Structures are given as C-alpha cells and as structure tokens.
Amino acid sequence: MSLDPRVLLITPDYPPARGGIQYLLAGVVGHATRVRFRVLTFADEASITQENSVQIWRVSTTSVRGGTIAALNAAALAQVRRFRPDVVLSGHIVAAPAARIAVLGGIPFVQYLYAKEMAHRTRLTSFAVRHATASIVLGEHGRSLALAAGAEPHRVHAIPPGIDLPARAASTPRDRKPVIVCVARLEDRYKGFDVLVRALPLIRSRVPEATMIFVGGGHLQPVLEALARANGCSDALRCTGRVDDAERDTLLASATVFAMPSRLRAGSGGEGFGIVYLEAGAHGTPVVAGNVGGALDAVVDGETGLLVTPEDHVALAEAITRLLLDRDLATRLGDGGREWAERFAWSKIVPKVEDVLIAAARGMS
C-alpha cells in the first residue's frame with residue numbers, strides 16, 4: 001500500500017448535480033489530505049477532468065439506454081484495473097455490486113449509507129453491508145438501519161457530514177419582518193412541507209406579518225401552492241425555485257427561523273442526518289425539526305433548536321410562533337446552533353472518514 005492510499009470513489013451522485021449526497025461526497029474528496037481520490041460518476045457526456053488534483057471520470061448517461069447503473073458498475077471494474085486502488089469507496093448502495101467484485105480481486109471496499117435508500121432497497125442494502133469491509137453511516141438513525149440490514153456492529157462507523165462554515169456568520173442582518181425558511185428540493189414528501197403549509201395559518205393568527213419561504217424547486221411546488229390557497233395563506237408563501245449557494249446562504253442568514261419537520265413513515269428511511277439544520281445553525285438561525293430520524297443527531301433540543309412531533313401541525317406552529325415572538329430565545333438557540341455547527345467543520349469530519357478508509361486498506365475494519 002502506498003503512503004497515500006489510493007481510493008476509488010464510485011458514485012452516481014456528484015457535482016455539478018445538486019443534493020445532500022453530492023455535497024457530502026464532494027466535501028470528503030475536496031478536503032482529504034491523507035488519501036488520494038479518483039472519482040467515477042455520471043455526466044451528460046463522457047469526460048475526464050481534473051479538479052483540485054482529483055481526477056473525475058464521468059460515464060455518459062445519454063449514450064446508455066436503460067442500464068445507467070450497470071454502465072457505471074462496468075466502468076468501475078475498468079477503473080479498478082487502471083487505477084489499482086488500495087480501497088474502493090461506494091458512495092451509494094447501487095455501486096455495491098462493482099465494489100464487491102473489487103473485493104473478490106483482493107481490494108477492500110467501504111460503503112457509505114444514508115437512510116432513504118436503505119428503506120427502499122432492502123436487499124441491496126443487506127448485500128452491501130454484509131460484504132463491505134466497513135460501512136459509514138451519518139448518525140445513530142443510520143446505524144440502526146444498517147444493523148437491521150445485517151451489518152456487524154464493529155464494522156459500522158457513525159460519521160456525520162461536514163459543513164462549510166460561513167466566514168462572517170453574524171454579518172447578515174435579520175429581516176425586520178418574521179420570516180420562516182425551509183431549504184430543500186421539493187421532491188420528498190417525508191420532509192414535511194405540507195405540515196409547514198398547514199401550520200402557516202395558525203402562525204399568522206398570532207404573528208400576522210409572518211411569511212414562509214421554500215428555497216428549492218421540485219415537482220411538489222404546485223401541490224404546496226395549491227394547499228396554501230386552500231388554507232387561505234397563499235399570500236404568505238413564496239417558493240423561490242432553485243437558487244445558487246450564495247442566495248441560499250443569504251436567505252438562511254436573514255431568516256428568523258429555519259423549519260423542516262421531516263417525518264419517519266413506515267417503509268421510509270427518512271432523514272439520514274439533516275445537514276441543512278447545521279447550515280442554518282452556522283448562520284445563527286434557530287431551527288425547528290421533527291423529533292425522529294437523523295434530525296436527532298443534527299439538532300439539540302432546547303440548545304440549537306426545538307424538536308416537535310413532525311406530523312402535528314399545531315405543535316409545529318406553536319414552536320415556530322414561540323421563536324418568532326421570543327427573540328431572546330431565538331437568539332440563544334441561534335448562538336447555540338453556531339457553536340454546535342463548528343463541531344462539524346470539514347477539517348474535523350474528513351479525518352474520521354480517512355481513518356476508516358486507511359484502516360480498510362490495511363486490512364482492519
């Protein structure tokens with residue numbers, strides 16, 4: 001094994017595509033100092049690029065019909081022969097079959113696990129955790145799902161995502177009017193967007209000037225807008241659609257409250273961690289979240305935010321209203337969120353991921 005172990009990351013999710021998995025994996029790759037990465041992922045056109053000394057090999061999705069994941073796995077085998085990695089990192093369980101074949105060739109693999117995919121692909125999850133040298137989950141919720149899928153406890157490592165801390169978290173002035181912000185792609189119903197909309201009239205009954213902003217686009221936007229009209233609060237709801245990172249950060253930093261009551265329904269993995277809760281906290285914005293799933297790892301109730309029963313729109317409205325009316329409490333929780341977020345800086349998180357990769361490369365789980 002080389003002094004700087006070679007790691008082949010196989011993942012269908014990587015920038016410039018957007019999402020939590022993309023953000024996490026790019027953060028690990030971009031902040032690694034003790035391992036040498038090569039990334040294999042998707043793109044509209046096949047290409048090889050260099051990003052901060054990391055080679056990114058992209059498999060074309062437009063030239064493959066009906067078998068994009070199979071194409072990724074086939075390309076992974078070619079990369080194993082060409083790059084000769086010391087360890088393979090599977091960034092999603094759909095890459096586990098290729099990683100497993102690498103194991104048969106004497107190369108260990110580490111599996112990243114989140115939450116949603118484990119509930120939807122139970123057989124593949126079981127396959128992945130049983131054959132991986134080690135698995136990385138984002139918190140205790142992910143650990144419980146991995147163990148339920150058959151993972152050996154000593155092979156499961158809980159490492160939260162890292163975040164980019166804002167340079168001047170306290171420099172953005174808060175909006176004078178009370179503003180509730182939720183940042184997420186409007187794709188997954190489990191994130192509780194509908195509960196937020198149903199809570200809005202109750203919030204407005206006590207804080208008439210309150211408004212709510214959904215930051216992020218998706219197919220649920222017209223559904224939520226229709227729900228707001230039905231609840232008589234469409235004038236207080238705004239959906240921005242997709243925005244760039246700078247605008248998202250400005251909205252987070254200027255908000256009075258961040259709220260996303262992710263729930264955990266039967267057959268759903270729910271929120272794996274909830275990195276956006278930390279991002280809000282890093283800007284000094286107090287949060288309201290559901291008291292289930294990965295939010296329990298990301299939010300400290302009464303210190304960085306408030307946790308509520310996520311299906312209960314009345315309880316949600318009460319928690320949000322409390323923060324809108326009690327600015328001292330909101331400030332205290334926002335300050336606590338900022339301090340809490342500092343524990344998740346990439347410089348503190350990535351070394352833990354590298355430790356798992358290096359241990360796997362050395363034949364240790």
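User: Which residues does Ser60 touch, not counting those up to four places away in sequence?

Analyst: Keep in mind that this is a predicted model. With that said, Ser60 touches Ala43, Asp44, Glu45 and Ala46. Ser60 itself sits in strand E4, residues 54-60.

User: Is Ser60 buried or exposed, and why?

Analyst: The cut-off for buried is under 20% relative accessible area. Ser60 has 9% relative accessibility, so Ser60 counts as buried.

User: Now the second largest pocket: which residues lie nearest its centre?

Analyst: Those are Val29, Glu51, Asn52, Ser53 and Val54, out of 17 lining residues. Helix H1 (20-31), strand E2 (36-43), strand E3 (47-51) and E4 each give two or more residues to that lining. Sorted by class, the lining has nine nonpolar, five polar and three charged residues. The space in this pocket is about 280 Å³.

User: How do I read the six-strand sheet, and what is its strand order?

Analyst: General idea: strands of a sheet pair through backbone hydrogen bonds, either parallel or antiparallel. Here the pairing is parallel in an open sheet, ordered E11-E10-E9-E12-E13-E14. Strand E11 (237-241) and strand E14 (305-308) are the edges, each pairing on one side only. On average, neighbouring strands are turned by 25° against each other, direction ignored.

User: How many bridges join E13 to E14?

Analyst: Four, with E13 covering residues 287-290. One of the bridge pairs is Gly290 with Val308 in E14. Helix H9 (residues 245-254) packs on this sheet, touching E9, E10, E11 and E12. The direction of H9 makes about 140° with that of E9.

Note on methods. Residues are numbered from 1 along each chain as its sequence is written. This is a predicted model: local features need pLDDT of at least 70, side-chain atom pairs count only at pLDDT 80 or more; totals for chains, interfaces and linings use all residues. Side-chain values use heavy atoms; hydrogens and water are left out. Buried means under 20% relative accessible area, exposed over 50%, partly exposed in between (1.4 Å probe, protein chains only). Contact means heavy atoms within 4.5 Å. On a 1 Å grid over the protein atoms alone, a cavity is a set of points where a 1.4 Å probe fits but cannot get out, and a pocket is an open set with protein on both sides within 12 Å along at least five of seven lines; lining residues have an atom within 4 Å of a point. Grid points are joined across faces, edges and corners, and a volume is the space filled by probe spheres set on the points. Ala, Val, Leu, Ile, Met, Phe, Trp, Tyr, Cys and Pro count as nonpolar, Asp, Glu, Lys and Arg as charged, and the others, Gly among them, as polar. Two strands pair if DSSP finds at least two bridges between them. Axes are lines fitted to C-alpha atoms, for helices over the stretch in contact, and angles run from 0 to 180 degrees between N-to-C directions.
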